[in-house]
Amino acid sequence: MTNWIRACATDDIPDEDVIRFDHNGATYAIYRKDDAFFATDGLCTHEKIHLADGLVMDYTIECPKHNGTFDYRTGAAKGAPVCINLKTYKTKVENGDVLIDLA
């Protein structure tokens, strides 16, 4: 079962960047690298800080509070103090919009 939700337009995210997307009381982070789009939970697993305020480098997002890093393709925690992975979501592009599967 899928539950595709429009998160943003492809043009809303500059290359190698992230934006915040809120839906039904939850926060997500939507990333762009070249023409690929990725989505994760939007809050750091360490102290619930918004990841969209962090720094994107290659395929990692760095939390703006304590500089812990995650691979946003897999959600894997990559650097202390984070040790719990992020949940990731499937994405697709349709008619210039980025959709994420919240199922």
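Biologist: How far is the sulfur of Cys44 from the closest cysteine sulfur?
Modeller: This is a predicted model, in which local features need pLDDT of at least 70, side-chain atom pairs count only at pLDDT 80 or more, and totals for chains, interfaces and linings use all residues. Residues are numbered from 1 along each chain as its sequence is written, and side-chain values use heavy atoms, with hydrogens and water left out. A disulfide is a pair of cysteine sulfur atoms within 2.5 Å. The closest cysteine sulfur to that of Cys44 belongs to Cys63 and is too far for a bond, at 3.8 Å.

Biologist: How many disulfides does a search of the whole structure find?
Modeller: The sulfur of Cys83 is too far for a bond as well, because its closest cysteine sulfur, in Cys44, is 9.6 Å away. For the whole structure, the number of disulfides found is zero.

Biologist: Is Cys83 buried or exposed?
Modeller: Buried means under 20% relative accessible area, exposed over 50%, and partly exposed in between (1.4 Å probe, protein chains only). Cys44, with a relative accessible area of 1%, is buried. Cys83 has 67% relative accessibility and therefore counts as exposed.

Biologist: Which backbone oxygen does the side chain of Thr45 reach?
Modeller: Thr45 counts as buried, at 19% relative accessibility. Leaving out residues up to four places away in sequence, Thr45 touches Phe70, Val82, Ile84, Asn85 and Leu86, where contact means heavy atoms within 4.5 Å. At 2.6 Å, the side chain of Thr45 reaches the backbone oxygen of Ile84.

Biologist: With which side chain does the side chain of Arg32 make a polar contact?
Modeller: A polar contact is a pair of N or O atoms within 3.5 Å; within protein, one must be able to donate a hydrogen and the other to accept it, and residues adjacent in sequence count only if both atoms are side-chain atoms. Arg32 is buried, with a relative accessible area of 14%. Its side chain reaches the backbone oxygen of Ile13 at 3.1 Å. At 3.2 Å, the side chain of Arg32 makes a polar contact with that of Asp35.
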